[in-house]
Amino acid sequence: MTVLLDQVTKSFGDVEVLKALDIAVENGEFMVLLGASGSGKSTALRLIAGLESTTSGTISIDGRDVTQVLPKNRNVAMVFQSYALYPHKTVAENIGYPLRVRKTPKDEMAQQVMDVATQVQLENLLDRYPRQLSGGQRQRVALARAMVRRPALFLMDEPLSNLDAKLRGHMRTELKRMQHRLGITTIYVTHDQVEAMTLADRVAILENGILQQLATPKAIYDDPANLFVARFIGSPPMNMLEGRLESGLFLHRDDRIAVPVATKSAAATLGVRPEDCSLVPAGAGTVDGTLYAIELLGDHVLVTVAIGEEMLTVKAGKDYDAALDSTVGIRFEATGIYLFDGEGKRLRQ
């Protein structure tokens, strides 16, 4: 099942929420729409489902133009951030409702309900009603109800947002495994970059209704298209220094950093990820700064170094230790340096 959005625009009054959006989802792909609140990602999902109408552009599912087709005729299953459960039905009845509509035999329906309930850890709650469940449990019921249908297309709008961290990690694994096993094309909306990077075959990053980059998680992390993507992807985020470019040098305060770009720019940003930085004695690295904080995270420490008003984060070994407020050097790996002009466009060699 393929999905194609061709120059899709959506406006609410004078507010243009999506701007000429082009996305092609391949058969069996797990596509994640990633962005902050208000970026347009949920609106795009609702347009695919048919719950909103496009202002312009076309939407095709499996080669068929469905731009004007009713939601019930699109053969999609959607899991909302809200639960949308039937309060008077048990968990089993809520999950099995799509099968009941299809007149699935009772024994077969009971087995399918139990199978998906087990995947989302609800097998012991099948006789309860939604009012007797926690928010996370209700969301799992909604997810199971979509899973049991085995539709041609899954649409998921932040389905794990109400789960605790441990269960969210488990459910990510189950979702990825389920989607791989069933081979159902899935479009998943989230603001959580960890979900996007771990679940997706490809990620579409949206900001202000504009597609910023569409690529594999690895490609987006290793080769961000612009400054917005570079800042948005990565935990901890990419370090940024503001300066200017001149004759193959990035000039920042008193620092002159050799870079592989000959472009001149009165305003530029240098980015480098924490794992592409290393701590060295003062004067032996790319820049010097004051050790601001050390945070132990188990297998590594995050070291924050102040360079004037700017803060840089370095990933160091778990045994690293030094006195706060001491002067240290930071060495940038030459292959880990990214450069952007004053408008946030990527500068390449």
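Mentor: Strand β15 is joined to strand β19 (residues 327–332) by 4 bridges, and the two run antiparallel. Strands here are DSSP runs of E of at least two residues and helices are runs of H or I of at least four, numbered from the N terminus; two strands pair if DSSP finds at least two bridges between them. Within this pairing, V280 has G329 of β19 as its bridge partner.

The model is predicted: local features need pLDDT of at least 70 and side-chain atom pairs count only at pLDDT 80 or more, whereas totals for chains, interfaces and linings use all residues. Residues are numbered from 1 along each chain as its sequence is written, and side-chain values use heavy atoms, with hydrogens and water left out.

As for the whole, the protein has 8 helices and 21 strands. Its C-alpha atoms fill a box of roughly 75 × 45 × 35 Å along the principal axes. Of the 349 residues, 49% are buried, where buried means under 20% relative accessible area, exposed over 50% and partly exposed in between (1.4 Å probe, protein chains only). Contact means heavy atoms within 4.5 Å; among contacts between residues at least 6 apart in sequence, 64% join residues at least 24 apart.

E29 is placed in the loop between β2 (15–25) and β3 (30–34), and it counts as buried because its relative accessibility is 5%. The side chains of E29 and R202 are joined by a polar contact of 2.5 Å, that is, a pair of N or O atoms within 3.5 Å; within protein, one must be able to donate a hydrogen and the other to accept it, and residues adjacent in sequence count only if both atoms are side-chain atoms. Leaving aside residues up to four places away in sequence, E29 touches A24, Q179, I184, T185, T186, D201 and R202.
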